[in-house]
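Q: Hi, could you walk me through this one? I'd like to go over a few spots together.
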Amino acid sequence: MSDTKTTVLYLNQGGHATLELTRDETVELAENTSGTHWTYAGNQIVQPAELAETNWETVGTVRIAPAFIAGQ
């Protein structure tokens with residue numbers, strides 16, 4: 001795996017953090033929060049497994065944000 005890092009914007013109820021993470025670190029965070037958060041890469045929602053297969057040299061900023069359900 002590459003040591004190339006990308007910017008990850010991690011949003012939660014307490015605020016947000018801007019992180020610089022490798023692919024493995026980003027996928028791990030996405031997997032660990034998949035029940036409560038959605039992951040976006042290139043302005044597209046992606047599953048952690050899809051993120052793991054992404055060309056990391058061109059992924060750009062990844063956002064991990066709380067999932068929302070209309071009407072709640």
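Q: Let's start with Glu31: what is its relative accessible area?
A: Happy to! Bear in mind that this is a predicted model. Glu31 has a relative accessible area of 46%, so it counts as partly exposed, a class that lies between the 20% and 50% cut-offs.

Q: And where is Glu31 found?
A: Glu31 belongs to helix 1, which covers residues 23-32.

Q: Which residues form the negative surface patch?
A: The patch is made up of Asp24, Glu25, Glu28 and Glu31. A residue needs over 30% relative accessible area to be in a patch, and Glu31 has 46%.

Q: Nice. Switching to the strands: how do strand 1 and strand 2 run?
A: They run antiparallel, with eight bridges joining strand 1 (residues 5-12) to strand 2 (residues 15-22).

Q: How many residues sit between them?
A: Two residues, and the two strands form a hairpin.

Q: Can you give me some pairs to click on? What is the bridge partner of Leu11, for instance?
A: Leu11 has His16 in strand 2 as its bridge partner.

Q: What about strand 1 and strand 5, parallel or antiparallel?
A: Strand 1 pairs with strand 5 (residues 62-66) in the parallel sense, over three bridges.

Q: Which residue stands opposite Val8 there?
A: That would be Val62, in strand 5.

Q: Where is Asn43 found?
A: Asn43 lies in the loop between strand 3 (37-41) and strand 4 (44-46).

Q: Is Asn43 buried or exposed?
A: Asn43 is exposed, because its relative accessible area is 65% and the cut-off for that class is over 50%.

Q: And His37, buried or exposed?
A: His37 is buried, because its relative accessible area is 11% and buried means under 20%. His37 is part of strand 3.

Q: One last thing: what separation do the C-alpha atoms of His37 and Leu51 have?
A: Those C-alpha atoms are separated by 14 Å, and the two residues are 14 residues apart along the chain.

How values were computed. Residues are numbered from 1 along each chain as its sequence is written. This is a predicted model: local features need pLDDT of at least 70, side-chain atom pairs count only at pLDDT 80 or more; totals for chains, interfaces and linings use all residues. Side-chain values use heavy atoms; hydrogens and water are left out. Patches are made of residues with over 30% relative accessible area and no salt bridge: like charges are joined within 9 Å, nonpolar side chains (Val, Leu, Ile, Met, Phe, Trp, Tyr) within 5 Å. Accessible areas come from the Shrake-Rupley method with a 1.4 Å probe; for residues, only the protein chains shown count as cover. A salt bridge is a side-chain nitrogen of Lys or Arg within 4 Å of a carboxyl oxygen of Asp or Glu. Lys and Arg count as positive and Asp and Glu as negative; His and the chain ends are not counted. The place of a charge is taken as NZ of Lys, CZ of Arg, CG of Asp or CD of Glu. Helices (H or I, at least four residues) and strands (E, at least two) are DSSP runs, numbered from the N terminus. Buried means under 20% relative accessible area, exposed over 50%, partly exposed in between (1.4 Å probe, protein chains only). Two strands pair if DSSP finds at least two bridges between them.
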